[in-house]
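Please work through the following exercises with the sequence and the model at hand. Each task is followed by a solution in steps.

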Amino acid sequence: MYASVDPLRPKDRKLKNWLLHTLASYAGYSVDVKGRKPRKPVQCQCKTVITDCPECNRPLTGTVEKGVDAAIITDLITMAFDDNYDLGVLVSGDADFAPAVRYIQKKTDKQIIQAFFRAHGDELRTACWDHIFFDDLMPKLTAKSEN
């Protein structure tokens, strides 16, 4: 499990704690949590830095994920060549993973399945051996019992 959290947000601190102390305690789970970094200020083409929203005048804030994609790609490739899996499930729609997926499947007998939403991730889905659409699973996961 790979995740990134904003260390300044209380909800993210709770998520990080749950990931590292609950999810990681289950057998077979490995958890890698990276801290998100502040986003660079918004800059107009004229080089003016925009620090506040022009509509509501509140400060523009945000963070970016750093290191998660590289960690996933490194583990996908390393674990494939170390023969740690035969079939991998990649829960993402990020096209940045497509070259690594194509390489793994070309150079090994490993198969990568993409799990994501139907309207996203076409390039990665095309690179993968197969796919699972969350859209199709949601009704089954949220169906109420008729007891």
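Predicted model: local features only at pLDDT ≥ 70, side-chain atom pairs only at ≥ 80, totals over all residues.

**Exercise 1.** Characterise the largest pocket by its volume, its lining and the elements that supply the lining.

Solution. 
- The volume of the largest pocket is about 770 Å³.
- Its lining consists of 25 residues, and Met1, Tyr2, Ile72, Val89 and Leu90 are those nearest the centre.
- At least two lining residues come from each of α2 (68-81) and β7 (87-91); α2 contributes the most, namely six.
- Sorted by class, the lining holds 14 nonpolar, six polar and five charged residues.

**Exercise 2.** Describe the second largest pocket in terms of its space and its lining.

Solution. 
- Seven of the lining residues are nonpolar, four are polar and five are charged.

**Exercise 3.** Determine the strand order of the open three-stranded sheet, and state which helix packs on this sheet.

Solution. 
- The order is β7-β8-β9, and the pairing is parallel.
- On average, neighbouring strands are turned by 25° against each other, direction ignored.
- Between β8 (residues 111-116) and β9 there are four bridges in the parallel sense, and phenylalanine 116 faces phenylalanine 133 of β9.
- Helix α5 (residues 134-142) packs on the sheet and touches β7, β8 and β9. The direction of α5 makes about 45° with that of β9.

How values were computed. Residues numbered from 1 in each chain as written. Heavy atoms only, no water. 1 Å grid on protein atoms, 1.4 Å probe; cavity = no way out; pocket = protein on both sides within 12 Å on 5 of 7 lines; lining within 4 Å. Points joined across faces, edges and corners; volume = space filled by probe spheres on them. Nonpolar A, V, L, I, M, F, W, Y, C, P; charged D, E, K, R; others polar. Pairing = 2+ DSSP bridges. Axes fitted to C-alpha atoms, helices over the stretch in contact; angles between N-to-C directions. Contact = heavy atoms within 4.5 Å.
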